[in-house]
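I opened this model to look up its fold, its pockets and a few residues on its surface. My notes are set down below in the order in which I made them.

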Amino acid sequence: MASLKRQAISGMIWASIGSVGGGILNLLVMFILARLLEPSDFGVMELLVVVTSVSTVLVDSGFSQALIRDKNATDIDCSTVFYINLSISTFLYLLLFAAAPLLSVFFHLPEFTNYSRVAFLCIIIDSVAVIQNIKYTKDVNFRPIAISILCGVVVAGILTISLSEMGMGTWALVF
């Protein structure tokens, strides 16, 4: 019982480090970027984030929670969910890729087509990590997730700030 308690406390601490630490680092990066970029750059990025967020919810379709709750989930179950998520995410990406010019017209932003076609690749990339995150969550092992969040924010922050310094504007946020 003590081991379970220790595991729960450790999981809570690491989940907090990932969420809070990632949020603080992200906020610091945004403060720096606010000085380097135009408000319109952030507006375009937010449009991309909205579409991407809706797509991410569609890709998961509750499979993650089902696998987390299933105490007897097999490797075949995990493999099936992986390929379903990958298939759905690829389909959504291709759909959004084709719809990008229509979204550009709708938002009155001609450059939105190119931005979205690159930014929407994260839908596929995110779907690849789902199974590993499920396994860590089932094991109440949030340390690797927290470390990956923190590393991701640091690397993305450095890249985005560097590209912004080079005058890349919205492309800095997209990358």
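The entries that follow go from the overall fold to the pockets, and then to backbone and surface.

**Ground rules.** I am working with a predicted model, in which local features need pLDDT of at least 70 and side-chain atom pairs count only at pLDDT 80 or more, while totals for chains, interfaces and linings use all residues. Residues are numbered from 1 along each chain as its sequence is written, and side-chain values use heavy atoms, with hydrogens and water left out.

**Fold.** I looked up the secondary structure and found nine helices and zero strands, where helices (H or I, at least four residues) and strands (E, at least two) are DSSP runs numbered from the N terminus. The C-alpha atoms fill a box of roughly 55 × 35 × 20 Å along the principal axes. Of the 175 residues, 29% count as buried, a class that means under 20% relative accessible area, with exposed over 50% and partly exposed in between (1.4 Å probe, protein chains only).

**Largest pocket.** I take a pocket to be an open set of points on a 1 Å grid over the protein atoms alone, where a 1.4 Å probe fits, with protein on both sides within 12 Å along at least five of seven lines; lining residues have an atom within 4 Å of a point. The largest pocket holds about 1100 Å³ of space, the volume being the space filled by probe spheres set on the points, which are joined across faces, edges and corners. I find 33 residues in its lining, with M45, C122, D126, A156 and L173 nearest its centre. Helices α1 (2-36), α2 (39-60), α6 (121-128), α7 (130-138), α8 (143-165) and α9 (170-174) each supply at least two lining residues, and α8 gives the most, with nine. The lining divides into 21 nonpolar, 10 polar and two charged residues, where Ala, Val, Leu, Ile, Met, Phe, Trp, Tyr, Cys and Pro count as nonpolar, Asp, Glu, Lys and Arg as charged, and the others, Gly among them, as polar.

**Second largest pocket.** About 300 Å³ of space lies in the second largest pocket.

**Positive phi.** Most residues other than glycine have a negative phi. H108, not a glycine, has a positive phi of about 60 degrees; H108 sits in the loop between α4 (75-107) and α5 (112-119) and is exposed, with a relative accessible area of 70%. V140 also has a positive phi, near 50 degrees, and lies in the loop between α7 and α8, where V140 is partly exposed at 30% relative accessible area.

Which residues make the nonpolar surface patch of about 650 Å²? I list V118, L121, I125, L159, M166, M168 and F175. Of these, I checked M166, which is in the loop between α8 and α9 and counts as exposed at 61% relative accessibility. Patches are made of residues with over 30% relative accessible area and no salt bridge, with nonpolar side chains (Val, Leu, Ile, Met, Phe, Trp, Tyr) joined within 5 Å and like charges within 9 Å; a salt bridge is a side-chain nitrogen of Lys or Arg within 4 Å of a carboxyl oxygen of Asp or Glu. Accessible areas come from the Shrake-Rupley method with a 1.4 Å probe, and for residues only the protein chains shown count as cover. Last, I13 in helix α1 is partly exposed at 42% relative accessibility, and the C-alpha atoms of I13 and F142, 129 residues apart along the chain, are separated by 8.4 Å.
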